[in-house]
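Biologist: I would like to learn how to read a model like this one. Please take me through it step by step.

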Amino acid sequence: MAGGRFICIANVNGEICATDNVCPHWGGPLGQGRIEDGKLICPWHGWQFDLRTGETPRKAGIRLAIYKVTVIEEDIFLAL
Ligand code: FES
């Protein structure tokens, strides 16, 4: 949790990505999902979110919040 939000942090081929942990569809726990080809897949209904843009092909106008990440040694900092 950071800034009052539940955050999903993922290591995608060595790049650390951070998003809201709450799926914008029906609130699924994105941190329990999986990643395929740079897409975060929600465990509840399988919606896919691009980890760079937050966009989903399932519904125009719905976007997952993506946070800028800075990694310094073993610490991860987010711009919320
Ligand atoms: S709650 Fe995530 S796809 Fe439905």
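Modeller: Start with accessibility: buried means under 20% relative accessible area, exposed over 50%, and partly exposed in between, using a 1.4 Å probe and protein chains only. This is a predicted model, where local features need pLDDT of at least 70, side-chain atom pairs count only at pLDDT 80 or more, and totals for chains, interfaces and linings use all residues. Residues are numbered from 1 along each chain as its sequence is written, and side-chain values use heavy atoms, with hydrogens and water left out.

Biologist: Is methionine 1 buried or exposed?

Modeller: Methionine 1 has a relative accessible area of 67%, so it is exposed.

Biologist: What does threonine 19 count as, and why?

Modeller: Threonine 19 counts as buried because its relative accessibility is 1%. Contact means heavy atoms within 4.5 Å.

Biologist: How many residues has the largest nonpolar core?

Modeller: Such a core is a set of buried Ala, Val, Leu, Ile, Met, Phe, Trp, Tyr and Cys residues joined through side-chain atoms within 4.5 Å. Here the largest has twelve residues, including Cys8, Trp47 and Phe49. Phenylalanine 49 also touches Pro24 and Gly54, among others beyond four places away in sequence.

Biologist: How many helices and strands are there in the chain?

Modeller: Both are DSSP runs numbered from the N terminus, with helices (H or I) of at least four residues and strands (E) of at least two. The chain has zero helices and seven strands. Threonine 19 lies in strand E2, residues 15–20.
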